[in-house]
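Trainee: Could we go through the aromatic side chains in this one? I'd like to know what stands behind each label.
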Amino acid sequence: MTGRDEEFRDYVTARLEPLRRTAYLLCRDWHTADDLVSITLSKLYRNWRRALGADNLDAYVRGMLTNAWLDERRRPWRRERSTDEVPDRADLAAGEPSVGEREMLLEMLGRLAPRRRAVVVLRFYCDLSVEETAKILGVSTGTVKSQAARALETLRLLASPHSAVESGRQR
Amino acid sequence: MTYRQIFDEAIGDAPPTAVDVDGLVAREGRRRRRRVGAYASATAVLALALGVGVVVQPGASGGPAPTRPAASATARSEPERLQAAFQAAFNREAPDLRWVQGGSTGDHKTWDGPVTETPPWTVKPFQWESMTGWFAVGVAARGEVRSYLNIDVGRMRPGHTPGPGECTPGRVKCRSFTGPEGELVVASDFEGRRLVGPVTERTVLRSVTVQRADGTHVTVQTHSSTDRHLMTVEEMAAVALDPEIRLG
């Protein structure tokens, strides 16, 4: 194994799980997530020297991953139906999120249109800036802000310690 | 709680990965060396045509293909051995278990398909940040119950320690006990909710993890599409305790 390979492997080993989780948030299927990560890593290997020159390598790689997902979605066999409507199912039952609530959150995320879902994942899960997110998705910073703001309203309900998604939790 | 924490909570534990980093580096490395070789050969031909003396180092480009790393060489037989061990253990402990043909673990709509006696899975390596090993995953059927079924066997990477080995709060039901060879067995049940159109359906998850004295971890997990578990804790523990399910 060359020094280049070792350098690449060290980077990937440290980032593999976060990348998989990011991919899962985008596609909500672990097999597809692993496919997307494999595609991304193959491209990253081929462009490793260029990637090392990026201001923020992690952001660069997450951009590759997001675009790999958006590209894959254009393939006919990967199409899925999406909607902008996010169902708000908040009630005032307090407590830690249950497995049901987790599934509900992912369900809500899955109902966002692909690019809005990408905005949510990049901004709120990957902690990328508005500018970095806009650059990755090829949209204006204003678009990122407006799309993020709408999604934020729903997520706030979950972030609040006094709110939880309706799930019929065990008491 | 930050948004990242909320999402991490929502994602929960990731199943073992199918991303083969070693294989990817070996494959892409070979491809890269072939490209470099083709470029060097073309440069040499062009130099000869121009009458310029260019020395191409023997082996710099057209040498034999690199041998696969030792880990990959052993990988050819290890998955086959584990696949047989997995199948034998499930056949012994749950002989009426069947497997959904064409069932996708991520798509419940495919879970009602026809069943077969042979698991349509292949054993693949996983490489977590903290653990490496092998896993197999598929959609199983038993009577009316259809369920995600995963089994993995692995070992912690150096410098990493396993999470809490005992029962922790937040699980619907959890118990731990000792196996015949002193293994620590932790069996946990969880509840889930699944949105089916406007209706929320209850689902159940079960996880049995065996931690052996040599550091090997074996986990069997199920996630049923209904409120009935696919296997009992005893059946899952017996599979995970099978001494044939080990790292080579």
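Mentor: A:Arg4 lies over the face of A:Tyr45, at 4.6 Å from the ring centre. Bear in mind that this is a predicted model, where local features need pLDDT of at least 70, side-chain atom pairs count only at pLDDT 80 or more, and totals for chains, interfaces and linings use all residues. Side-chain values use heavy atoms, leaving out hydrogens and water, residues are numbered from 1 along each chain as its sequence is written, and chains are lettered from A and ligands numbered from 1 in the order in which they are written.

Trainee: What makes A:Phe8 and A:Trp48 an edge-to-face pair?
Mentor: Their centres are 5.3 Å apart and their planes stand at 90 degrees, against limits of within 6.5 Å and over 60. A:Phe8 lies in helix H1 (residues 3-27) of chain A and A:Trp48 in helix H3 (residues 48-52) of chain A, so the pair ties together parts 40 residues apart in sequence. Helices here are DSSP runs (H or I, at least four residues), strands are E runs of at least two, and both are numbered from the N terminus.

Trainee: Why is A:Phe8 called buried?
Mentor: Because buried means under 20% relative accessible area (exposed is over 50%, partly exposed in between; 1.4 Å probe, protein chains only), and A:Phe8 has 0%. A:Trp48, at 1%, counts as buried too.

Trainee: Why is the pair B:Phe86 and B:Trp121 called edge-to-face?
Mentor: The ring centres are 6.4 Å apart and the planes are at 70 degrees, so the pair is edge-to-face. B:Phe86 is buried at 0%, and B:Trp121 is buried at 4%.

Trainee: Which residues form one aromatic cluster with A:Phe8?
Mentor: A:Tyr11, A:Tyr45 and A:Trp48.

Trainee: Why does B:Trp134 count as buried?
Mentor: Its relative accessible area is 13%, and the limit is under 20%, so the label holds. B:Trp134 sits in strand S4 (residues 131-142) of chain B.

Key:
Rings of Phe, Tyr and Trp (its six-membered ring) pair if their centres lie within 6.5 Å; planes under 30 degrees apart count as stacked, over 60 as edge-to-face and the rest as tilted. A charge sits over a ring if NZ of Lys or CZ of Arg is within 6 Å of the ring centre and within 35 degrees of the ring normal.
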